[in-house]
Amino acid sequence: MVMPRFARPKEGDSESSPNLYVANCGPAVGLQFDTIASAFSSFGEVKGVYAADESGARVIVSFLEPASAHSAFIALNGRPCPHLGGRSLHIRHSILQPPSSRGMASVPVSLNASDLNIPGLYLFHDFISAVEEEQLLQAVDTGSWISLSKRRVQHYGYKFCYDTRNVDTKQHLGALPSFVSFILERISLSPDIPEKLDLDQLTVNEYPPGVGLSPHIDTHSAFEGLIFSLSLAGPCIMEFRRYTAGSWVPKTASISDTEVENPNSCSEVSRKAIYLPPRSMLLLSGEARCAWHHYIPHHKVSFMIR
């Protein structure tokens with residue numbers, strides 16, 4: 001997956017950013033996200049705390065108001081924080097940027113689905129705990145992998161056929177594995193899920209560093225109305241694109257799982273991006289599911305904090 005990139009705001013714009021990049025802070029140094037959020041909440045309402053990279057020792061603290069972020073920066077940068085065990089924090093104002101691609105303009109990156117204004121798009125932060133994440137990773141690692149050109153996959157419930165981009169309903173693989181039972185229960189009990197579901201299909205995707213997704217809409221007949229996506233082991237940035245009618249024609253009109261042959265050649269396109277932290281659950285439904293292509297850029301190297 002593509003690592004997120006954080007940059008300093010332009011000179012003079014620091015106080016306009018509600019986000020702080022905080023180093024020497026995170027689960028790897030014994031500080032959980034809720035503890036960090038509590039410590040920073042004394043400066044104003046905290047929208048969320050997110051992993052800045054895979055180190056576990058750097059986070060993004062996102063405030064509701066830029067003034068709150070600036071107050072926290074002034075008070076805590078380079079100083080021991082009594083509410084975090086006296087740990088000295090190294091802080092800077094930050095803005096989240098998507099990975100830059102040659103010939104492409106930058107797209108602002110949101111931390112919350114509501115900021116994108118795409119109907120049917122939901123993001124649930126910390127849907128599982130760090131302990132549950134580790135248990136899932138261990139369980140998945142013992143599964144039967146299928147190697148594709150750039151990633152490995154596992155299929156449960158029904159096998160997805162990549163040649164036809166559909167499921168073979170005659171090849172039922174059995175019930176979903178027990179290691180996802182608690183996730184299914186959590187989905188069924190969540191008041192934020194728009195409808196009650198009978199989930200019977202699971203695909204596990206393993207993306208090596210630098211490997212992403214081409215812009216596509218998942219096959220409607222194979223996955224029906226809702227798609228849940230749980231991020232494990234690292235964060236990434238996902239971009240959503242909506243192409244104006246007539247600006248792009250699918251290369252294979254009979255396949256409803258449409259991919260853009262050259263996504264950057266389409267001029268009439270709306271683009272929005274969101275940051276997916278580890279352990280977050282993304283839900284695509286309605287317009288987000290059927291009208292917007294989702295996309296994670298491919299890169300030869302992973303982007304790190306600069």
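Analyst: A residue is buried under 20% relative accessible area, exposed over 50% and partly exposed in between, with a 1.4 Å probe and protein chains only. The model is predicted: local features need pLDDT of at least 70, side-chain atom pairs count only at pLDDT 80 or more, and totals for chains, interfaces and linings use all residues. Residues are numbered from 1 along each chain as its sequence is written, and side-chain values use heavy atoms, leaving out hydrogens and water.

User: Is Gln-154 buried or exposed, and how do you know?

Analyst: The relative accessible area of Gln-154 is 0%, so this residue is buried. Gln-154 belongs to strand β12; strands (E, at least two residues) and helices (H or I, at least four) are DSSP runs, numbered from the N terminus.

User: What makes polar contacts with the side chain of Gln-154?

Analyst: A polar atom of that side chain lies 2.8 Å from the backbone oxygen of Val-140, and the side chain of Tyr-156 is in polar contact with it at 2.5 Å. The term requires a pair of N or O atoms within 3.5 Å; within protein, one must be able to donate a hydrogen and the other to accept it, and residues adjacent in sequence count only if both atoms are side-chain atoms.

User: How do you know that β11 and β12 are paired?

Analyst: Two strands pair if DSSP finds at least two bridges between them. Here 2 bridges join β11 to β12 (residues 152-156), and the two run antiparallel. Ile-146 stands opposite Val-153 in β12.

User: Why are β11 and β15 called edge strands?

Analyst: The open sheet has 3 strands in the order β11-β12-β15, paired antiparallel. Both β11 (146-147) and β15 (202-206) have a single partner strand, so one side of each is left without a neighbour in the sheet.

User: How is Ser-71 classed by accessibility?

Analyst: Ser-71, in helix α2, counts as partly exposed because its relative accessibility is 38%.

User: What makes a group of residues a nonpolar core, and which members of the largest one touch the most others?

Analyst: Such a core is a set of buried Ala, Val, Leu, Ile, Met, Phe, Trp, Tyr and Cys residues joined through side-chain atoms within 4.5 Å. The largest has 28 residues, of which Val-22, Ile-36, Phe-40, Val-61 and Leu-89 touch the most other members. At least three of its residues come from each of domain 1 (6-96) and domain 2 (109-245 + 266-296), with bounds from an automatic or database domain assignment.

User: Which residues does Phe-40 touch?

Analyst: Beyond four places away in sequence, the contacts of Phe-40 (heavy atoms within 4.5 Å) include Leu-20, Val-46, Phe-63 and Ile-91. A second, separate core has 19 residues, among them Tyr-207 and Trp-292.
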